[in-house]
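The structure is shown first.

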Amino acid sequence: MGVLKYIKGISILIFVLLMCLEIQAQDRKSAQFFKPDTTLNKMKVGVVTGSILTIYGGALIGLNQYWYKDIPRSRFHFHNDGRDWMQIDKAGHIYSAYFQSRWAVGMYRWTGMEDKKAIWVGGMTGTFLQSSIEILDAFSADWGFSAWDFGANVLGSAIVISQELAWKEQRISLKISTIPQKYPEGELKNRASDLYGTSLPELFLKDYNAVTTWASVNIASFIKRDTRFPDWINIAVGYGARNMYGGSENIWCTEEGTKAGDCPPGMIVDRTDVQRNRQFYISPDIDFTRIPVRRKGFKILLNMLNMVKVPFPSLEINTQGKVRVQPY
């Protein structure tokens, strides 16, 4: 499902809503409403929960009209896509659920909810938001409910919950980066255009060959508090994949909308000679949330930037046996 399977569209809206509200809660000390409460404020709980559900509900309606409207419906059924896209899409589910849960925890704390409850309620928000779309898939003939996707959603939330319970902070942040790919001219470039699109936004959000998911570890938080080591410097470990021209293999049908297994003779393209490979990276990074700033606008910007891995030189190791330094 391209972008919907990776970022799930609505994630960005939820991220922005929760970040803006949390920053306001931290900065507008003179306004009573935006002060974090020390006891449960039911009105604020209603504001947070209602805002999330309203925006998400509207997005689901739009998504149903835009994406699912012309897809044949079916009974609830499962679909095993664990081998597809070398699990790049699963990393995307983990990432999306992580950030939705991370900001939801911050907002429920702002309401004055007891801390462990805020962690669990906010922490499971990402799984709820992501997995509700899996239900739409489950009733769509072309897809189905993916236990792999659901498990990835749960893992994204679990990363938030476990860190908050253990450390009251996120010492390991999930991030993404995208590097536009240059495809060989001819049928491979045409196939990539069909799969991933050609515009810059499509390539940024849809191209599985271009996306890397990172776990960015804050070094200072794991060493003594009186250290002089800058608390905004991280080390990030990334995972990506390349040379994918199909879900599970580089075989496709030139007849639009037809799977390789149902393809008429003579219309199957077999490019299994192009070796798909996994890539692992290690690179310096920045935790923007730990950079001290006072102005609300800068804090909003830094929190949004923290969703993305900063381009730094990285060491790459891939399953083709190559080790090299990348400039990004």
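Asparagine 218 is buried, because its relative accessible area is 0%, and the cut-off for buried is under 20%. The model is a predicted one. Asparagine 218 belongs to strand 2. Leaving aside residues up to four places away in sequence, asparagine 218 touches Arg171, Asp231, Trp232, Ile233, Asn234, Asp287 and Arg290. With one of these residues, asparagine 234, the side chain of asparagine 218 makes a polar contact of 2.9 Å. Glutamine 170 is 48 residues away along the chain from asparagine 218, and 8.6 Å separates their C-alpha atoms.

Arg171, a contact of asparagine 218, also takes part in a charge-over-ring arrangement: its charged end sits over phenylalanine 222. A lysine lies over the face of tryptophan 214. The distances are as follows.

| Charged residue | Ring | Distance to ring centre |
|---|---|---|
| Arginine 171 | Phenylalanine 222 | 5.2 Å |
| Lysine 309 | Tryptophan 214 | 4.8 Å |

The aromatic pairs in the structure number 15. One of them joins tryptophan 214 and tyrosine 281, with 5.7 Å from centre to centre and 35° between the planes, a tilted arrangement. This pair links distant parts of the chain: tryptophan 214 lies in strand 2 (residues 211–218) and tyrosine 281 in strand 6 (residues 277–286), 67 residues apart. Tryptophan 214 and tyrosine 281 are both buried. Strand 2 thus holds tryptophan 214 as well as asparagine 218.

Elsewhere, a cluster linked by ring pairs is made up of Phe76, Phe78, Phe139, Phe145 and Phe150.

Technical notes: Residues are numbered from 1 along each chain as its sequence is written. This is a predicted model: local features need pLDDT of at least 70, side-chain atom pairs count only at pLDDT 80 or more; totals for chains, interfaces and linings use all residues. Side-chain values use heavy atoms; hydrogens and water are left out. Rings of Phe, Tyr and Trp (its six-membered ring) pair if their centres lie within 6.5 Å; planes under 30 degrees apart count as stacked, over 60 as edge-to-face and the rest as tilted. Helices (H or I, at least four residues) and strands (E, at least two) are DSSP runs, numbered from the N terminus. Buried means under 20% relative accessible area, exposed over 50%, partly exposed in between (1.4 Å probe, protein chains only). A charge sits over a ring if NZ of Lys or CZ of Arg is within 6 Å of the ring centre and within 35 degrees of the ring normal. Contact means heavy atoms within 4.5 Å. A polar contact is a pair of N or O atoms within 3.5 Å; within protein, one must be able to donate a hydrogen and the other to accept it, and residues adjacent in sequence count only if both atoms are side-chain atoms.
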